[in-house]
Amino acid sequence: MKSLSEIETTSKRASRAVGFSWGIAEEIAKGIRLLELFGLPGIQNLNQYYKLINKKNFKTLSVIHKNNKSNGSSFCPIDLGVKFIDQVKTIENLKRVSITKIAYPILFLPFLSRSSDIVGKKILLKFEKNTFLLNFNVSILANYSKKKIPLLASKAEISFIENKDIFSEKEWKNLYKLSENTFVEETESLKQGAAGAGLTDND
Amino acid sequence: MKIKLRDPNTIMKLSRLGSFHQSRLSFLRSFLSEFQDWEFKRDLFELDKNGYGIVVYSLEKKGRVYSLVCFANKIKNNERSDRVIATKWDAAFALHDGVPSKKDIERLRNEVPKQEVGRLSYKELALSRANKSIRIFDHVVECLSKGVQPSLELIEKVGYLYRTTAVYGSGKFGLADRFRIKNRDEINGPFRLEMMLVYLVRQFTFDQVNHIAKNINPKSSTSLDPKICKKLGIGNSTGLGMAPFIVNHPTLLNNWILCRETALKKVRELKKVSIKDIELFKDCVRNSIKNITSWNTDSTYQLHKIKFLLKDVRKLLNFLENEFNFHNDFPFNRLYLWLEKETCEECIEYIVSMMMEPFSKIVKPLVKKMSSDEERYFDIPTERKTKDLIAILEKNYSYILTLDYKKKEHQKKFWFISKNKEEPRLADRFEEKGSDLEQPLAIARDIKRLYEKLILLRKSMKISEFLNKNSDLRHVVRRAFIIEKFPYSEIQDNTIGENLVPIDMLRLKLSFFGAIKFDPRSDKWLRICMFQGAPLPNELKNFDEQWIYKSQN
């Protein structure tokens, strides 16, 4: 079994070898480490992508807009990922972003995962029948089949999930009421000795 | 009185870092303190009459066990090499997490002697190998087999029976990643497992010589006197492999230095110091003279440093005995200021280490702050502006920004990874091939390039926009935002200049390990000694904290 440290070091060197700058190579390496840690096929996808990277043209973006279309070649998942993480605070305001044709979308995931941590919101990535929920860089929930690794996201949608409860107010109240059974009723004398009691707050 | 932390622009210069010495913060000393109440055992001892075979030692506390599995091998004299290109060693070691099963031992027997070309598992925490110091090993065995103790003069001159030539940890060759074990309190300190491995190897070397001697002459042989054992440590040969580590782990480097600087600051801020503490400090200085006079090296570079160190330590002792009054307020601050004015860098840092000795209350809490969760500082704050970055560079890299990289001498060298051993190397940019595959260790040069680009741009540009067009500088943009929070995270010197002395980088790291007797064999590698004078495993429960200054007495 390869350690995550070996995975990170080798991914960084390989990324530099195919032409990425050292700074980008560091980002890629962190991403592959994360994918492998979460049980996603990072090494496999990176290998496949690097076999093609100098044979095919992959498109790059300067700025990520609400709608990002490519009529020709597909987007480089790494360039897209780096731009996403660099611009995430602006992109967050768009709430939802669509991107057509992302090559090897698995490689895009770690950038979304870290972006989720940076903005403090869950991020949902959907393309075709695949859904990935990125949870603050702590976990990635996915519904995809390991047997069918998507090589292209034809039409991807990325949404920032507003932080809100996924339970009803009634459910919360029920639980809270139960928690109250751990509290003790205070006597008057105890109340008078509690913090702030007996003082004027205008002193 | 509030004392400022020392200026990173002074302390992080290579000549200063290359003058650092071990201290109470050093990892081998904090390892011994942490493992004081662990139970040491020799679980397996299967060596043949020549000392070849397998030995297992363990340290155990409350059900947690760490086991050192040792494999002693027969090699020919002409196969013995300290260089990283070696493929055979007198002994190979793995630190196993828990009690190794028979199956584990069989697996390790196949893999550990192969070292870099073997594969370890997540059950192993560290890996190492070592060679006998032939000049002393054979002498010790011969003496013991005749029933006499070896020459003390030789013991003190060499200082060890074995020299390790590499100690690997943290995920190398399949070893456990740090994250798997990071929540264990007892190893909450950098390199603690590596220190454990070396410490247990030291015991192996004693047991092996005793065993061989006994087999040569079962009736009249004797065992190595424990007092002599204590005078022996473990040697180590270290090359450039260590240097990139301190560049590649900026927040960790910061925390090491910051703890040292904080300790010094707090000692200098002590208004009054007890007579007991004064005497302890003075004893350390006095006793340490023998550490200096027994420091053997053929390196003219190091001999020069030792000469001035000895002269200055004697000058200090004279000053302490005849002029200095410890009963004045803030005595250690006064003393420090005197050192700055009157002594060389090597002596300043030597005494700074000793100033910590009496003050456990200051040092012990800092030991726990020497690790770092580097992932937390990886993301670049891309919403910030170029003017922020310029301000950071001007504040934190003032010396580096004065370097002119158009001059050949400032970019004479380059760092690369060798293809045959996957180890870092240094070469001449203008004479050797390979600079196109340069490693990102020329931080000063790249910081200067970053600055030169930034000052031509509008100051309100977002960092994300800057990175969009300057991806080649991304690695140093990240570092600049790290140094903003971690002022000691960067070497304030040129790591590719003509005058670079790479062993200064090694010395910095080795001093934090707790190494002594730095013996440069060239400007690119050196030998050191670890655990010389340290308590033996059966003495761990109660030992003298200042053992290191008494190792030669």
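## A hairpin in chain B

Strands β10(B) and β11(B) form a hairpin, with five residues between them. Strands here are DSSP runs of E, at least two residues long, and helices are runs of H or I, at least four, both numbered from the N terminus. The two strands pair in the antiparallel sense over three bridges; pairing needs at least two DSSP bridges. One bridge joins B:P520 to B:L526.

Strand β10 of chain B covers residues 516–520, and four of its five residues are buried. Buried means that 20 or more other C-beta atoms, placed from the backbone, lie within 10 Å of the residue's own.

## About the model

This is a predicted model: local features need pLDDT of at least 70, side-chain atom pairs count only at pLDDT 80 or more, and totals for chains, interfaces and linings use all residues. Residues are numbered from 1 along each chain as its sequence is written, while chains are lettered from A and ligands numbered from 1 in the order written.

## Nonpolar cores

The largest nonpolar core has 147 residues. Such a core is a set of buried Ala, Val, Leu, Ile, Met, Phe, Trp, Tyr and Cys residues joined through C-beta atoms within 7 Å. Helix α7 of chain B (residues 192–216) gives the largest share, 12 residues. Another core, of 44 residues, lies apart from it and includes A:L40 and A:L107.

## Where the chains meet

The contact takes 21 residues from chain B and 18 residues from chain A. Residues are in contact if their C-beta atoms, placed from the backbone, lie within 7 Å. In chain B, α18 (463–469) and α19 (474–485) each supply at least two residues of the side that touches chain A.

Technical notes:
Contact = placed C-beta atoms within 7 Å. Buried ≥ 20, exposed ≤ 12 C-beta atoms within 10 Å, placed from the backbone.
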